[in-house]
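Subject: Structure handover

Hello,

Here is the structure you will be working with. Please open it before you read my notes.

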Amino acid sequence: MDRSEINWHPVIDENKCTGCGLCVVTCGEKRNVFGYDKQRRKAVVMFPDNCMVGCINCMVGCLWNAISFPDEQTIKNMARSLPKEALAKELAQKIEKNPELVM
Ligand code: SF4
Ligand code: SF4
(Lines give C-alpha, C1' and ligand atoms only; values in the text may rest on other atoms or scores of the structure.)
(Ligands and ions follow the chains in the order given, each with its own letter.)
Protein backbone atom coordinates (compact mmCIF):
# COMPACT_ATOMS: atom_id res chain seq x y z
CA MET A 1 0.00 0.00 0.00
CA ASP A 2 1.30 3.43 -0.92
CA ARG A 3 2.15 5.47 2.21
CA SER A 4 0.48 8.57 0.74
CA GLU A 5 -2.87 6.71 0.83
CA ILE A 6 -2.67 6.29 4.61
CA ASN A 7 -3.96 9.19 6.64
CA TRP A 8 -1.67 8.90 9.67
CA HIS A 9 0.41 11.80 10.92
CA PRO A 10 0.45 14.24 13.83
CA VAL A 11 -1.57 17.45 13.85
CA ILE A 12 -0.42 20.32 16.05
CA ASP A 13 -2.84 22.63 17.82
CA GLU A 14 -0.91 25.90 17.61
CA ASN A 15 -2.95 27.39 20.42
CA LYS A 16 -1.59 24.74 22.77
CA CYS A 17 1.95 24.39 21.37
CA THR A 18 4.44 26.17 23.64
CA GLY A 19 7.34 25.67 21.23
CA CYS A 20 9.25 23.51 23.71
CA GLY A 21 10.66 21.43 20.82
CA LEU A 22 10.33 18.06 22.55
CA CYS A 23 8.52 16.53 19.57
CA VAL A 24 11.23 17.75 17.17
CA VAL A 25 13.93 16.21 19.35
CA THR A 26 12.21 12.91 20.09
CA CYS A 27 10.87 11.91 16.66
CA GLY A 28 13.51 9.52 15.32
CA GLU A 29 16.37 10.91 13.22
CA LYS A 30 15.44 8.68 10.31
CA ARG A 31 11.89 10.07 10.28
CA ASN A 32 12.24 13.74 11.19
CA VAL A 33 8.54 14.44 10.78
CA PHE A 34 8.77 17.76 12.59
CA GLY A 35 10.52 20.98 11.75
CA TYR A 36 10.68 24.13 13.83
CA ASP A 37 9.51 27.65 13.00
CA LYS A 38 12.10 29.77 14.82
CA GLN A 39 10.30 33.06 14.28
CA ARG A 40 6.98 31.85 15.61
CA ARG A 41 8.53 29.44 18.13
CA LYS A 42 6.25 26.59 17.09
CA ALA A 43 6.82 23.00 15.98
CA VAL A 44 5.67 22.30 12.43
CA VAL A 45 4.69 19.02 10.75
CA MET A 46 7.03 19.16 7.76
CA PHE A 47 7.13 15.60 6.43
CA PRO A 48 3.85 13.93 7.44
CA ASP A 49 4.38 10.84 5.28
CA ASN A 50 7.57 10.05 7.23
CA CYS A 51 5.45 9.30 10.28
CA MET A 52 5.43 5.61 11.21
CA VAL A 53 1.89 4.31 10.85
CA GLY A 54 0.48 3.55 14.30
CA CYS A 55 3.17 5.43 16.25
CA ILE A 56 1.91 7.99 18.78
CA ASN A 57 5.13 8.66 20.71
CA CYS A 58 5.11 12.40 20.11
CA MET A 59 1.46 12.69 21.21
CA VAL A 60 2.20 10.82 24.43
CA GLY A 61 5.32 12.89 25.01
CA CYS A 62 3.86 16.35 24.36
CA LEU A 63 3.52 17.83 27.83
CA TRP A 64 1.00 20.35 26.59
CA ASN A 65 -1.38 17.96 24.79
CA ALA A 66 -0.90 19.91 21.57
CA ILE A 67 -0.57 16.87 19.29
CA SER A 68 -3.39 14.67 18.04
CA PHE A 69 -3.80 11.76 15.61
CA PRO A 70 -6.69 10.19 13.72
CA ASP A 71 -8.69 7.50 15.51
CA GLU A 72 -6.44 4.41 15.80
CA GLN A 73 -9.41 2.23 14.80
CA THR A 74 -9.07 3.64 11.29
CA ILE A 75 -5.63 2.03 11.05
CA LYS A 76 -6.83 -1.25 12.52
CA ASN A 77 -9.70 -1.42 10.03
CA MET A 78 -7.30 -0.73 7.18
CA ALA A 79 -4.87 -3.40 8.38
CA ARG A 80 -7.67 -5.94 8.63
CA SER A 81 -8.39 -5.46 4.96
CA LEU A 82 -4.82 -6.38 3.96
CA PRO A 83 -4.34 -9.87 2.54
CA LYS A 84 -3.34 -12.36 5.27
CA GLU A 85 -0.92 -14.00 2.83
CA ALA A 86 1.10 -10.75 2.59
CA LEU A 87 1.49 -10.59 6.38
CA ALA A 88 2.42 -14.28 6.55
CA LYS A 89 5.10 -13.69 3.90
CA GLU A 90 6.56 -10.72 5.79
CA LEU A 91 6.53 -12.68 9.04
CA ALA A 92 8.39 -15.56 7.41
CA GLN A 93 10.99 -13.15 6.00
CA LYS A 94 11.49 -11.45 9.35
CA ILE A 95 11.90 -14.74 11.19
CA GLU A 96 14.36 -15.94 8.58
CA LYS A 97 16.47 -12.81 9.11
CA ASN A 98 16.10 -12.89 12.90
CA PRO A 99 16.13 -16.54 14.03
CA GLU A 100 16.61 -15.43 17.65
CA LEU A 101 12.95 -14.35 17.64
CA VAL A 102 11.73 -17.94 17.37
CA MET A 103 10.94 -19.65 20.69
S1 SF4 B 1 6.10 18.83 22.16
FE2 SF4 B 1 4.08 19.78 22.01
S3 SF4 B 1 4.34 21.79 22.92
FE4 SF4 B 1 6.40 21.04 22.50
S5 SF4 B 1 6.89 21.85 20.46
FE6 SF4 B 1 5.98 19.82 20.16
S7 SF4 B 1 3.78 20.20 19.84
FE8 SF4 B 1 4.68 22.06 20.73
S1 SF4 C 1 4.14 9.36 15.79
FE2 SF4 C 1 6.24 8.65 15.98
S3 SF4 C 1 7.06 8.69 13.91
FE4 SF4 C 1 5.18 9.89 13.89
S5 SF4 C 1 5.82 11.98 14.20
FE6 SF4 C 1 5.35 11.17 16.22
S7 SF4 C 1 7.25 10.33 17.04
FE8 SF4 C 1 7.53 10.69 14.84
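Below are the notes on what was found.

This is a predicted model: local features need pLDDT of at least 70, side-chain atom pairs count only at pLDDT 80 or more, and totals for chains, interfaces and linings use all residues. Residues are numbered from 1 along each chain as its sequence is written, while chains are lettered from A and ligands numbered from 1 in the order in which they are written.

Start with the fold. The protein has 4 helices and 4 strands. These are DSSP runs: H or I of at least four residues for helices, E of at least two for strands. Along the sequence the order is β-α-β-β-α-β-α-α.

Next, the overall dimensions. The C-alpha atoms fill a box of roughly 50 × 30 × 20 Å along the principal axes. Buried residues make up 12% of the 103 residues. Buried means that 20 or more other C-beta atoms, placed from the backbone, lie within 10 Å of the residue's own.

Now the ligand. Ligand 1 is surrounded by 13 residues, counted when the C-beta atom, placed from the backbone, lies within 6 Å. Cys 17, Cys 20, Cys 23, Ala 43 and Cys 62 are the closest. The shell has 10 nonpolar residues, 3 polar ones and no charged ones. Here Ala, Val, Leu, Ile, Met, Phe, Trp, Tyr, Cys and Pro count as nonpolar, Asp, Glu, Lys and Arg as charged, and the others, Gly among them, as polar.

Finally, Cys 58. Leaving out residues up to four places away in sequence, Cys 58 touches Pro 10, Cys 23, Thr 26, Cys 27 and Ile 67. Contact means C-beta atoms, placed from the backbone, within 7 Å.

Best wishes

Conventions. Two residues are in contact if their C-beta atoms, placed from the backbone, lie within 7 Å.
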